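I opened the model today to look up a few places in turn, and I note here what I found.

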Amino acid sequence: MIDMHAHWRPAELADALRARTRAPQIVRNADGVEVLKSNRYGEEPVSKAFDDVAFHLERMDRQGVTTSVLSLLGSFCWVEGQPLEVSVPLCRLVNDTLSGICRKHEGRFLAHAALPMRDISVAATELERALQLPGIVGAQLPGNGFLTRKDAEKMRPLLEVANRHHALLFIHHGPLPGDPFPKHMGDTDNLRRRNGTLDMQSGLSSAMLTLCLTDYLAPYPDATVYLHNLGGNIAFEVERMDHRSLLDTPKEELPSARFRRARVHVDCNSFGPRAIEAGVRLYGAERIVCGTDGTEFGVDWTQKAIAEAQIGADARQQILEGNAAAMLARRATVTRHVKAAA
């Protein structure tokens, strides 16, 4: 199994945040517990983050994960939205550290770069630099950058770099600097379900519309783009889209056909067997990869869901390993890592 969605918090980044005197920073709260303080999320226990390589490798061996593709843990992505004098050195620290893990454990880890998103030209420069580092296969980008075609226009410098280097872009639910985020806060009922499922899936669905139902990606045939969580709710809503299309724009190609032939991939993180079956029916098994968030529970959940999905042995193997290996092999500099994992 190749895990294309494994979040990580480098210990070196935690040390850098402990040295800061204002958010984002790591401090001890009144109970003596270390927490990450950010301007929007408040406080989150640092113990929930993952940075123990030996523990991760033991878990991977036990659960049959050959390779994990690491990306910055969500709560730590706030460093990307800081002023450039803060975000540039922190992102470089993240990327250099992740590359070091990949070098030390060749074949077991690959990684996505973290980028300073306040200035896309600066982000593109850091992506160009990071892609020269061993093990870096691409970058993790915030989903809000692709909610509409207009939003996505400012992200083109990153697509151009990725296309030139045959790199991967992992579009993950998240804000651009200055975006109000999360949508629900305070004493809202079902806060985590609203933010972590309803709004997340809606945002991913919007990004899929931009990427699959426009010609935005046409100039970038050598970049590989994928989204998590089956790309939102598209697999469950596409019949409704087709119905509206037949009523409103009967001369246009159906959305289901356009989604099917788009070059965008999705991972199956967090979903069960019935949802995976729906994803296979819409996208085809060749467009789906594994994702687990990089946790033991996530791996168990994903492996069980794929095993129970009624999709056939060939499709199951494609999702577990084959599709990811093909995506990664497009990056010439990581081919030897993929071979080593095999």
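Predicted model: local features only at pLDDT ≥ 70, side-chain atom pairs only at ≥ 80, totals over all residues.

Residues are numbered from 1 along each chain as its sequence is written, and side-chain values use heavy atoms, with hydrogens and water left out.

**His112.** I found His112 in strand β6, residues 109-113 (strands are DSSP runs of E of at least two residues, helices runs of H or I of at least four, numbered from the N terminus). His112 counts as buried because its relative accessibility is 1% (buried is under 20%, exposed over 50%, partly exposed in between, with a 1.4 Å probe and protein chains only). Leaving aside neighbours within four places in sequence, I list among its contacts Val69, Leu98, Ala139, Phe170 and Tyr226 (contact means heavy atoms within 4.5 Å).

**Helices α3 and α4.** I looked up how α3 (residues 84-104) packs on α4 (residues 120-130), and the angle is about 20° with the axes 11 Å apart (axes are lines fitted to C-alpha atoms over the stretch in contact, and angles run from 0 to 180 degrees between N-to-C directions). The two helices are therefore roughly parallel (under 35 degrees; over 145 is roughly antiparallel, 65 to 115 roughly perpendicular, the rest oblique). Leu84, Val88, Cys91, Arg92, Asn95 and Asp96 of α3 meet Val122, Glu126, Arg129 and Ala130 of α4.

**Leu247.** I placed Leu247 in helix α8, residues 234-248, and at 53% relative accessibility Leu247 counts as exposed.
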